[in-house]
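Subject: Structure for you to look at

Hello,

I am passing on the structure we spoke about.

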Amino acid sequence: GGPTAADNPKRPAPAHTVTGKMPFPSSAPVDAVLTTAYGDDAGLHGLSTAGHNAALTPAEVLLEEAERHDFQYGEVLPAGVRKALGEAHLDAQSGRSLVELGAGTGKVALQAFLECPSLLRVTAVELAAARYRVGEAALLRLCERIPERFSLLAHAPGACVRISERPPAADTSAHQREGSSRELELSVGDVFEL
């Protein structure tokens, strides 16, 4: 397909509604939260992103050279994430949890968390410590700048950060009526050793 309204910043994208499921929020509020968390990096693409510029540690370079790990990096743009989360692909609105391996800076995990209110738990794991630190800083920044919406549940600096989202006062969705909290966790390490 060609460009969509989500690709054109001059024309707002409509909220995406899937029959029988919670609607995707419109992209503007989600993009605003991503920008709050990641700053200008939220809108960058190509080799100019913080994830691409995050240096590997000497230990990570040795692991890559020994062909035990692959630290190749790439990012999916918000419009692509939105499409991947949709009913025709991952159908994330039907799920209650999502796991992202190779999370990089955590942008995809945060976007899924924001766009899919049915997800009660999003878990993201990144192997490269420098990329994890970019995401860790973004989630901490989000809790600091929007404390009425996001709170820090746990933080082991350099290892793991877990946040929750407070439901809007008017939220009457089933998981909020049940008292379940929504959580996003980003951690660093080899998924086979965590």
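The protein has seven helices and five strands. Please keep in mind that this is a predicted model. Starting at the N terminus, the order of elements is α-α-α-α-β-α-β-α-β-β-α-β.

Some overall figures come next. The protein has 194 residues, and 41% of them are buried. Its accessible surface is about 10400 Å², with carbon and sulfur atoms accounting for 57% of that area. Taking the contacts between residues at least 6 apart in sequence, 62% are between residues at least 24 apart.

The helix pair α1 and α6

Helix α1 covers residues 27-38 and helix α6 covers residues 129-145. Their axes come within 7 Å of each other and cross at roughly 110 degrees. Angles of 65 to 115 degrees count as roughly perpendicular, so α1 is roughly perpendicular to α6. On the α1 side, the contact is formed by Val33, Thr36, Ala37 and Tyr38. On the α6 side, Val134, Gly135, Ala138, Arg141, Leu142 and Arg145 take part. By type, the residues of this contact are six nonpolar, two polar and two charged.

Arg131 also lies in helix α6. Is Arg131 buried or exposed? Its relative accessibility is 7%, so Arg131 counts as buried, the cut-off being under 20%. Apart from neighbours within four places in sequence, Arg131 is in contact with Gly51, Ala54, Phe71, Gln72, Tyr73, Gly104, Thr105 and Glu126.

Helix α4 and what covers it

Helix α4 runs over residues 78-85, and its residues Val81, Arg82 and Leu85 are buried. These residues lie on the same side of α4, because they span an arc of only 100 degrees around the axis. Which helices are included in the cover over the buried residues of α4? Among them are α1 and α5, the latter being residues 107-115.

Gln111 belongs to helix α5. With a relative accessibility of 2%, Gln111 counts as buried. Leaving out neighbours within four places in sequence, the contacts of Gln111 are Val30, Leu34, Pro78, Val81 and Arg82. Two of the buried residues of α4, Val81 and Arg82, are therefore among the residues that Gln111 touches.

Regards

Notes: Residues numbered from 1 in each chain as written. Predicted model: local features only at pLDDT ≥ 70, side-chain atom pairs only at ≥ 80, totals over all residues. Heavy atoms only, no water. Helix = DSSP H or I, 4+ residues; strand = E, 2+ residues; numbered from the N terminus. Buried < 20%, exposed > 50% of the residue type's maximum accessible area, 1.4 Å probe, protein only. Contact = heavy atoms within 4.5 Å. Areas by Shrake-Rupley, 256 points an atom, 1.4 Å probe, with all protein chains shown as cover. Axes fitted to C-alpha atoms, helices over the stretch in contact; angles between N-to-C directions. Parallel < 35°, antiparallel > 145°, perpendicular 65-115°, else oblique. Nonpolar A, V, L, I, M, F, W, Y, C, P; charged D, E, K, R; others polar. Arc of directions from axis to C-beta.
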